[in-house]
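We will go from stop to stop, with a residue or element to pick at each one.

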Amino acid sequence: MHSPGNSLLDGRNPSKRKPAGAGAIGIHSRQNSASQPSEPHHKRPKLTSPFDPGDSRMSKVVGKRPEIVDLTKPPTAFQPHKGAKKLVIKNLRTTSRANDLERYYDTTKKELLDALEAIFEQKQPRQPFERLYRGVEDLCRHGASRELFLTLQEQCDNYLKGSLYRSLVTEAGSSNVDMLRSIYKHWVIWNTQSTTIRSVFSYLDRAFLLPSKEFLQINDTAISLFRRTFFVSSKSEGLSPGAKALVGVCDLVDYDRRADVRFDPALLRDSISMLHVLNIYGRSFEPRFLEASRDYYREFAEMQSNASLKSYISSCEKLLAREDYRCNAYNFDSTTKRQLMNHAHITLIDNYSEKLLDSGSIGKLLDENATESMKALYDLLRLSSIQKRLREPWEEYIKEAGSAIVNDTSRGDEMVVRLLEFRRSLDLMIRDAFNRDDEFTYSMRQAFGSFINDRKVLASWKTGTSKVGEMIARYIDMLLRGGLKTLPKSLLSDMKDRIDAEQSGLASTGDEDAELDRQLDQALELFRFIEGKDVFEAFYKQDLARRLLMGRSASADAERSMLAKLKNECGSNFTHNLEQMFKDQQIARDEMASYKSWCEGNGHAKSGMDLSVSILSAAAWPTYPDTQLTLPEDVATQVERFEAYYINKHTGRRLTWKHSLAHCVVKARFNKGPKELLVSAFQAVVLTLFNQIEDKPDGFLTYQQIAENTSLSGPDLDRTLQSLACGKIRVLTKHPKGRDVNPTDTFTVNKSFTDPKYRVKINQIQLKETKEENQETHERVAQDRQFECQAAIVRIMKSRKTMTHANLVAEVINQTKNRGAIEPSEIKKNIEKLIEKDYLEREGSSYTYLA
C-alpha cells in the first residue's frame, strides 16, 4: 500500500514533493504534526507483487497480509522500515534570548536619542521614521513607556533652556517688538520640531499618555515646556522674554492706533494666535492689554475734547470702528473685544456725555443738516444706552428754530414753506440718522405744538388770533391753485420716500397726483398742531370761494381730496359749509343750462356776450361787501333779464349781485394784432370806457371821468387802474408815469401793447387780499370766538347747575381748545356778560345757572 514516492522524507527535496495520495501523511521528526486529508486521488494505487523479496520482511512487522484489501481507505504514511530522518535548522540561535532583547532595547533608546538631537538641530535623523516609530512601539510594549516619556521630556526641556533659549536671546533686539518677533520665530521652529517628535512618538502618545492622568500628551507637553521656559521662568534679572513679548504685542497695537509705520499686521495676528495656543492670552496678556487701552482712550479723549462736537464725533466713530476691525482681523478673543469696547464707551461717551449732549453744539449740527454726524452721535450714545438723553437738546432746538420762523414778520408769506422745509429736514434726520426712532418723532411733534401755539406769536403779529392757521390756509390755496410747480425742490419726495410709499401699498410719489396728495398731507400735519382751527377755517373758506368762483383750481380731484381730509380730521360740522359751496357750484351750472334753454324757447336773440351767473347761498359762503358798479348797457340788460327769470322761477328769493367777484374775457384790438384779456369786472368796466374815445386821436380819460362813469372810488378804483397801467402787463398808459395812481392822472390806451400769448391774463385784484380785509377776518374770528365761549359756558352750567370759577374756566378751555385757545381773562369777561344777561348768578366763589 506504501509507495516510495509517497513519502515526504524519502531523501528527495521536500519542496518538490508530489501531491499527497488518499491517505494521511505523517512526519517523523521532533515535532509531530498532522494535516487534514487532502482532496482524494482518483487513480487507483499500484499493488506490489506477492513475490516481492521485501514482502517477507514486511510480514514480520505487520503480520500476515489481509486477504482482502480495502481500496477506499487512504494509504498511511507510516513506514517503520525506513527509520527516522534528520531535520537541519539553519541560523540556529545558540546564545541567550534575554541578552539579545536588552541589547536591542538599548540600541533603540540610543537611536531615539540621536534622532532627537538631529530634530533639535533641524536635521534629518539617520534612521528612517518608520524604524524609529517601531522602536518606540517595542519599548512601550516592553513596559518602558514611563521611562521613555520622562527621557523625552527631559531632552526637550534641556533643549528649550539651552540652545533654543540662547538663540532666541541672541537674535532678539533691544525693543520689545524685536523680542516678540524673535519669540514668534523660535515658536514656529519649536512648533515644527514638536510636530516631528509627536509623529515619531505617536505610539507612546496614544498608548500611554492618552489614558494617563499623570502626564500630558506630547503636544500639550511641548506647549507647557515652551510656556514655562520663556513666559514664566527668568534666567536673568528684569523681565522674562515672554513678558517683553507681551509688552511688544501692546506696542504693536499702539503703533496701529497712532498710524506708526513700524506696525506689522502679520506679526500681530500671528502673535495673538501664539498666545492663544500657549494658553497665556487670558491670564497674562488680556489684563495688560486692556490697561494699556484704557490709558490710550483717556489720552485720546482729552486731546479730542478741545475740538468741535462734529470733529469729536467723527474721531470717536473712526476709533471705535478701527478697534472693532482690529479685534476681528487679528484674532482677539470675543471677551477682549467686549471689554475693550465697554472701556471705550465709558471713556469716550459716558465721561464726555455733557459735550456730546450740548444743546448749542447739537443745534449747529442740525442747522448744517449734518445727517452723518447726527447718525454717528446717535449710534455713539446708543452704544452706552443713553440715546434717549438726546431728546432734550433735540426738542429744545426745534422749539428755538421753529419760534424764529413763526415770529419772523418780514417773511410771513414764506412761513409755511419754511416750516415744511424745517419739518422735512427733521423727518429726514429721524429717518436717516435716528433709525426711525419713535421717541424722536414724538418729541418733534411736541415741540411743534409748543412753538406754533406760543402766545409770543400773537404778540409778534398783533392779530389776536393764530397767524400760523392763516398762513397754512394760504399755503394750501397756493398748492390747489398752482400744483407742484409752486413748491421748492427741497419739499418734494426723494427715492427713499417713493420706496417707502410703494412698500406701504400707497401710490408711488413719482406720480404727480400722489405727490400733490402727499404735500397736502404734510400741510395737514402742521394744521393738526394748531389750537385755533377757527382761523384756518375762515381763511380756507375765503380762498376756496375765490378758487371756485374764478375757476382757478388746478385739480378738482385734489379739491375733493382735501375736503375729505378736513372732514376726517375735524368732523362734518367743520366742513358743512365747504361742502355746500361745492353743491352751489353744481346747482349754478344746472341753473345756467336751464336759463339758456329758456332764452332759446322765448326767442331772445343770441347776443355777442356770453353771461354766466353763479347762484350762491349766503349762509355757506363768506360775506362780501356790496360795491356799487355801473355796468355797460349790454351787460346790464343781460343781468336784468336773468334776474327777472330767476325771481319768476324761485318765488320769495332775492338776488344780491357781488360784482367784486365777477370776471370776464374782453377782446381788444392793438396795433400788432387782437388779444383776449382775462380781467375782473372792475377792470372790464374801465377798459370798455375807452371805446367811447376810440375815434379821437389824442383821446384820454381822466381819473375823475373814470370814477364818474364806473361808480368806483377810493381803493377799489386805485387798485384797478394800477393793475391796468402800472403792472407787468400795461394795456393802459398813465400820464405822468409812476407806480402810484393820483386823482390828477390821465389814461390812454397803449396801442403798441404786445404779448407772445393770444390770451393774456392781467393781474386780477379780486384774488389779492388787502391788509384791511385780512384784519377784518381776524377780528371776525375773534368775535365769533367770544360767542362760542359764551355758548360753551351756558352749555356747561346748564348741565352742572353749579360750579366754582376755577372749574368752569378749566372746562371752557377744554371744550373750546379745538376751535381756538381763549385766555382766562376773556372767559371771565364773558362770564360777567352772561351774569348781566341773567344766565348766571354769582354765589361767593361759585356760579349758579338760572333756568
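Begin at the hairpin of β8 and β9: 2 residues sit between the strands, and Gly844 there takes a positive phi near 70°. A word on names: helices (H or I, at least four residues) and strands (E, at least two) are DSSP runs, numbered from the N terminus. Two strands count as paired if DSSP finds at least two bridges between them.

What you have open is a predicted model, where local features need pLDDT of at least 70, side-chain atom pairs count only at pLDDT 80 or more, and totals for chains, interfaces and linings use all residues. Residues are numbered from 1 along each chain as its sequence is written, and side-chain values use heavy atoms, with hydrogens and water left out.

**Around β9**

Select residues 840–843, strand β8, which runs antiparallel to β9 with 4 bridges joining them. Leu840 is placed opposite Tyr849 of β9.

Show the side chains of β9 itself (residues 846–849). Which way do they point? Ser846 and Thr848 go one way, Tyr847 and Tyr849 go the other, and all are buried. Buried means under 20% relative accessible area, exposed means over 50%, and partly exposed lies in between (1.4 Å probe, protein chains only). In a regular strand, side chains alternate between the two faces of the sheet.

A salt bridge here is a side-chain nitrogen of Lys or Arg within 4 Å of a carboxyl oxygen of Asp or Glu. Arg842 counts as partly exposed because its relative accessibility is 40%, and Glu832 is partly exposed at 29%.

How many salt bridges does a search of the whole structure find? The total is 59. For one of them, select Glu323 and Arg257, whose side chains meet at 2.9 Å, N to O. Glu323 belongs to helix α11 (residues 309–329) and Arg257 to helix α8 (residues 241–257), so this pair ties together parts that are 66 residues apart in sequence. Are the two buried or exposed? Both Glu323 and Arg257 are buried.

Next, move to helix α17 (residues 415–432), which holds Arg423 and Asp427, 4 residues apart, about one turn of the helix. Their side chains form a salt bridge at 3.2 Å, N to O. Arg423 is buried, with 5% relative accessibility, whereas Asp427 is partly exposed at 24%.

**The β1–β2 hairpin**

Jump to residues 663–670, strand β1, which runs antiparallel to β2 with 8 bridges joining the two. The hairpin they form has 2 residues between the strands. Val665 faces Leu678 of β2 across the pairing. Colour β2 (residues 673–680) by accessibility and you will find it mostly covered, with 7 of its 8 residues buried. β2 is also joined by 3 bridges to β6 (residues 759–761), this time running parallel. Leu677 has Val760 as its bridge partner in β6.

**An open sheet and a cis bond**

Now bring up the three-stranded open sheet, ordered β3-β5-β4 with antiparallel pairing. Its edge strands are β3 (701–702) and β4 (732–735), each pairing on one side only. β4 and β5 (residues 746–749) pair over 4 bridges, and Thr733 has Thr748 in β5 as its bridge partner. Zoom in on the peptide bond from His735 to Pro736: it is cis, with omega near -5°. Pro736 is in the loop between β4 and β5.

**Two loops with positive phi**

Most residues other than glycine have a negative phi. Select Asn369, where phi is near 55°, in the loop between α14 (359–367) and α15 (371–383). Asn369 is partly exposed at 41% relative accessible area. Then go to Ser385, with a positive phi of about 60°, in the loop between α15 and α16. Ser385 counts as exposed because its relative accessibility is 60%.
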